[in-house]
Amino acid sequence: MADVLTSEDIRSMGESSGEIRVSPGAIITDVARETAEQLGVRIVPADAAATGETAARPAGEERPVQDKRQPRQVLDLNDPDAGIETDAAPPSRAGDVANVVPSSPFSPGEMRLLRAEFPSLSASCHLANCSQGAQSRTVRRAVEQYMTNWLDSGMDWDYWVEEVGKAKNEFAGLINAEPEEVAVVSSVSEAISSVASALDYEGDKNRILLTEAEFPTVGHVWLAHEKYGAEVDFVPLTDGEIPLQEYERMMDERTALASITHVYYQTGYQQDLNAVADVIHRQGGLVLVDAYQSAGTCEIDVKELDIDLLTTGNLKYLLGVPGIAFIYVRSDLVSDLHPAETGWFAQHNPFAFQVKDLDYAHTARRLEGGTPPVTAAFAAQAGMQLLRDVGLNRIEKHIDYLSGYCMQSALDRGLSVASPLDVAKKGATTAIEVPGDSHEVEMELKRRGVVTSARGNVIRIAPHYFNTDEDIDLALDELTRVLRR
Ligand SMILES: Cc1ncc(COP(=O)(O)O)c(C=O)c1O
């Protein structure tokens, strides 16, 4: 019996018996239905005769999760007697946050089932998805599948490489790319290094534009290429945002490429990729997006956004493990890239074993290197499938709902929000400023059962689709208590 039936369940449970029994009211994802149809697996509602019910998605049957915030007083952090819970009138700050989404697309019943996939949620409140996603049963099973196969077979490279290919296909589907436009590597740093090593810095077009919102590794990779002639400039952050005019001011025709983040890892500020890509393209530059803080939280369509290259790893919102990342390269760009950072899996035929030939693959695979990250690929494939089953469109709406809820609830408690107070300009992370050592605050919250992530002077509260407004309330209440100590 399954409560949420995914395509993975159909494959693992139904394929041998040809039938799978589900409890009344179980959620059967669209992809699971398609998979069942393809494999000829019958989905049989258990107790259907007794209850007269058929197994169907309950979405819409139950009321969606509503904004359940209780009126709160603004908390004076210097007042040790200040209460946290109160029946006082709503504070005058209500409405400070723009573009709030009033409710989640997930009903409470559906949310219970979605959460059941993540065992740790019964013990602690996981809000550190900007750093590491929570462990799902599906991903755990996938890693175990690899370990079991290895144990049983001794060595099964054909199968393992095939599974890496499936992970690549899954990633391509996630961003509306073709599998031939995707390379698999082990980290975002490696993906960007590979692109950087493929550019020519000897001519006039040697300028690389970054922003002050990049994750440090991006700065490090490009600065390391100054020794080859690259000229690196940073578009400044202004009041926590990067106005389009700043791109217009700094972009010129000597700029070969803009290496920019989609979402700022520190505050969750989200850039308008379409608008930025337009400015860069007008002057003949390429756009390379670091989507590590957005992939898995929202729909990303590289074709619609008109992006040339995009990279992300899998351990955060893609629900995987460390050790794997992907890079998308627009198909008509592939043949221009001759990376110096390379290896045998980047070759047209990796198994030709010709040590004296450098013969790049004709697809994005030319950005790969050595032996692929097999174990992490099993996890990556499972994590991305899980997201596809739930649906990125609904995940995005849920995260936007929690984003607005979190910011307004933090303001209501008198906390200082470092993120832009506009849901439309923000990813999943809400950053709360804390005095002193933020890492200490993170540790204290963890001791209290709330897993968050500290960076600089902020605590990042970064929910995913399995988090609720109750998780946010718990985190903010505990944070308020910790700061008052
Ligand atoms: C936006 C962003 N880019 C890049 C990285 C680092 O990626 P990697 O360790 O895979 O090189 C991180 C890590 O947190 C990140 O948040």
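The shell around the ligand consists of five nonpolar residues, six polar residues and one charged residue. In this division Ala, Val, Leu, Ile, Met, Phe, Trp, Tyr, Cys and Pro count as nonpolar, Asp, Glu, Lys and Arg as charged, and the others, Gly among them, as polar. The model is predicted: local features need pLDDT of at least 70, side-chain atom pairs count only at pLDDT 80 or more, and totals for chains, interfaces and linings use all residues. Residues are numbered from 1 along each chain as its sequence is written. Among the residues surrounding the ligand are Asp290, Gly313 and Ala325; a residue is near the ligand if its C-beta atom, placed from the backbone, lies within 6 Å of it.

Gly313 belongs to strand β11 (residues 309–313), where strands are DSSP runs of E with at least two residues, numbered from the N terminus. Five of the five residues of β11 are buried, that is, 20 or more other C-beta atoms, placed from the backbone, lie within 10 Å of their own. In a regular strand the side chains alternate between the two faces of the sheet. In β11, Leu309, Thr311 and Gly313 point one way, and Leu310 and Thr312 the other way.

Strand β11 pairs with β10 (residues 286–290) in the parallel sense over three bridges; pairing requires that DSSP finds at least two bridges. Leu310 of β11 is the bridge partner of Val289. Strand β12 (residues 325–329) runs antiparallel to β11 and is joined to it by five bridges. Here Ala325 of β12 stands opposite Gly313.

Definitions and conventions:
Buried ≥ 20, exposed ≤ 12 C-beta atoms within 10 Å, placed from the backbone. Helix = DSSP H or I, 4+ residues; strand = E, 2+ residues; numbered from the N terminus.
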